[in-house]
Amino acid sequence: METKGAPAFNLADLRAGAKKLHSVEESSGDKKAQGKTVADEGEEAVLKAYIDLYNKFGGDIDRIFDELGENPGKAKKYPPKSAEDFATRYYAGGFTYADERRAEAK
């Protein structure tokens with residue numbers, strides 16, 4: 001019987017659940033040996049598209065960002081070293097603005 005105002009969970013169960021969260025299961029091999037997941041393949045496809053876009057415009061930041069409809073400010077201030085660098089940094093959000101007003105200013 002629960003007492004009024006008592007928690008609806010058992011402290012021992014809560015601790016056991018927390019312990020499971022902190023434990024690490026052994027992997028049966030590295031990620032490459034296990035094969036690619038759908039998410040990995042999707043990410044690779046997106047990165048390839050950004051690499052192709054970079055190469056299509058020969059690395060011209062203004063033309064690339066016009067095509068993307070984005071503000072090129074960060075990419076101009078911190079230019080990518082290669083198509084791969086552009087793709088990974090753009091995909092990670094390194095060239096985008098959180099502030100909408102700055103994003104729209106070109």
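The largest nonpolar core in this predicted model has 15 residues. Ile64, Phe65, Phe86, Tyr90 and Phe95 touch the most other members. Helices α3 (38–56), α4 (61–68) and α6 (83–91) each supply at least two residues of this core. The largest share, five residues, comes from α3. In soluble globular proteins, nonpolar side chains tend to be buried together.

Take Phe95 from that core. Leaving aside residues up to four places away in sequence, Phe95 touches Phe65, Asn71, Lys74, Ala75, Tyr78, Pro80, Phe86, Arg89 and Tyr90.

Now for the charged pairs. A search of the whole structure finds three salt bridges.

| Salt bridge | N to O distance | Location |
|---|---|---|
| Lys48 and Asp52 | 3.0 Å | helix α3 |
| Asp62 and Lys76 | 2.7 Å | helix α4 and helix α5 |
| Asp85 and Arg89 | 3.1 Å | helix α6 |

Lys48 and Asp52 are four residues apart, so about one helical turn separates them. Asp52 is partly exposed, at 38% relative accessible area. Asp85 and Arg89 are also four residues apart, about one turn of their helix. Asp85 is buried, with a relative accessible area of 19%, which is under the 20% cut-off. Arg89 is partly exposed, at 24%.

The side chains of Asp62 and Lys76 also meet in a salt bridge. This pair links distant parts of the chain, 14 residues apart. Asp62 is partly exposed at 34% relative accessibility, and Lys76 is partly exposed at 48%.

Lys76 lies in helix α5, residues 73–77. Beyond residues up to four places away in sequence, Lys76 touches Ile61 and Asp62. Ile61 and Lys76 are 15 residues apart in sequence, yet 6.9 Å apart in space, C-alpha to C-alpha.

Note on methods
Residues numbered from 1 in each chain as written. Predicted model: local features only at pLDDT ≥ 70, side-chain atom pairs only at ≥ 80, totals over all residues. Heavy atoms only, no water. Contact = heavy atoms within 4.5 Å. Core = buried A, V, L, I, M, F, W, Y, C linked by side-chain atoms within 4.5 Å. Buried < 20%, exposed > 50% of the residue type's maximum accessible area, 1.4 Å probe, protein only. Salt bridge = Lys/Arg side-chain N within 4 Å of Asp/Glu carboxyl O.
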